[in-house]
Amino acid sequence: MAGGLQVERRSIDPIPEAERHGSPRSLFTLWFAGNMQITSAVTGALTVLVGLHPLWALVAIALGNAIGGVPMALHAAQGPKLGIPQMIQSRAQFGVYGAVLPLVLVVLMYLGYFASGNVLGGQALSAITDLPVDLSIVLYAALSATIAIVGYRLIHRFGWLASLVSVVVFVYLTFRLVTTHDLGPVLANAKLDVPAFLLALSLTASWQLTFGPYVADTSRYLPSGTSIRATFWWTYGGTALGATWAMSFGALAYAVAGKEFKGHEVAYVVGLGGEALVLPLLLAIALGKLTINVLNIYGGYMTVATTMSAFTRKVGLSPATRIGYIALVGVLGGVIAVLGRGDFLSNFVLFLHFLLYFLTPWSAINLVDFYFLRKEKYDMEAMYDPDGVYGRWCVPALIAYFVGIAVQIPFSNVDGVFTGPLVELLGGADIAWLLGLVVPGVIYWAAMRKRIRETAPAA
């Protein structure tokens, strides 16, 4: 991979030390760009949409990203140490076959985020080209797939460019929002609604937590001697800063615009710049959204490949197979985007809730295993061998995972869809995701610490 436009050769196989390169600083620009985009602004708008006062929404956004960014960045630090995709590493916890269960949910996550990105990116492309929105969505999905096919180096270089553009655009848009609206009345009389605050907190934290299954994919080419601390802080800084800024912008935009913003997110943002800047802003929005869209299809294809390779026992993929997987994810994500773009905000909030309940237990188990039990030491060959030290199924991990899901149900509050029996006692607050992080991690640690200690020499 000497050239930036050369197609990436690696897929789910370990990255040899001779092919490792780069600095953890590149993770800042990649994740800053991945968060500083229109979908983040939409997520910020949700914090006001759920009924929270705009001032407290800003607090929830900052706190949610600060909390959710910690496990996200801890996953990133796994990449240089192991040099393998994130979900391959989860075979050490769940077993080679057992890891397929959370993998299926992660595939749904990638498809959902990729589809949502196509909706917003397609809106911008349609406004630029005057093409029909549905056709623009398809073209945007195809462009994302093309960049993902080229691979890791181009993704990082594209992230650097998008970060630069995002800073310029959001500085300008934030200035326009603040100077063209009187925010004083909007931020005055800030009464705290605790249940709404906790719901907004869960929405913003879930934004970061759902990056967990693929953040290590973007750091696995770094040299194995890369500091865990450096990888953590460069990732954490980029993701927390970018998301907090973009979400705060979205919360304030929805607070002052209401229906003008809901359902017309791209048009409203572009309108802030005035008629002379319509085209540059549309291009900037399309470019900024493309970064995270590429990451979603890139991670999606590796997750599908990881799922299939558990049964084929293949360590790597041929170039044709790799392109085929990317095309599959791209087509599915494009179709879902076209079919589901109607009530985008409502569908997206339900999607975030769904992911949060199922992915936080996986994240907790993975991090406890890496940092507290195995302490960064793994048998790479066994990751691809159902008959190896990690086995086909790890029953304690699967029990911890499903208990982690079950314990959230009584405390879950998905407005209009499901309300757990204990939610009313908390005034409608949703604290399920906190239990989903703590309970499965503790169960897994208690169940596995002796077994891992006994098998550590073999690893």
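I looked up Arg-322 and found it buried, with a relative accessible area of 2%. Buried means under 20% relative accessible area, exposed means over 50%, and partly exposed lies in between (1.4 Å probe, protein chains only).

The model is predicted: local features need pLDDT of at least 70, side-chain atom pairs count only at pLDDT 80 or more, and totals for chains, interfaces and linings use all residues. Residues are numbered from 1 along each chain as its sequence is written, and side-chain values use heavy atoms, with hydrogens and water left out.

**Entry: the partner of Arg-322**

I found a salt bridge between the side chains of Arg-322 and Glu-8, at 3.3 Å from N to O. A salt bridge is a side-chain nitrogen of Lys or Arg within 4 Å of a carboxyl oxygen of Asp or Glu. This pair links distant parts of the chain, 314 residues apart: Glu-8 is in the segment before α1 (25-35), and Arg-322 is in helix α16. Helices (H or I, at least four residues) and strands (E, at least two) are DSSP runs, numbered from the N terminus. Glu-8 counts as buried because its relative accessibility is 3%.

**Entry: helix α16**

I checked the length of α16 (residues 319-339). Its 21 residues should span 30 Å at 1.5 Å a residue, and the end C-alpha atoms are 31 Å apart, which agrees. The expected span is 1.5 Å times one less than the number of residues.

Which residues of α16 are buried? I listed Arg-322, Tyr-325, Ile-326, Val-329, Gly-330, Gly-333, Gly-334 and Ala-337. They lie on the same side of α16, because they cover an arc of only 160 degrees around the axis. The arc is that of the directions from the helix axis to the C-beta atoms. On the other side of α16, I found Ala-320, Val-331 and Leu-339 exposed. The cover over the buried residues includes α7 (100-129), α8 (133-150) and α15 (278-312).

**Entry: other salt bridges**

How many salt bridges does the structure hold? I noted seven. One of them joins Arg-9 and Glu-19, with the closest N and O atoms 3.1 Å apart. Both residues lie in the segment before α1, so the pair ties together parts that are 10 residues apart in sequence. Glu-19 counts as partly exposed, at 23% relative accessibility. I also found Arg-9, Arg-10, Asp-13 and Glu-19 linked in a network of salt bridges.

Elsewhere, the side chains of Arg-374 and Asp-369 meet in a salt bridge at 2.9 Å, N to O. Are these two buried or exposed? Both Arg-374 and Asp-369 are buried.

Technical notes:
Contact = heavy atoms within 4.5 Å.
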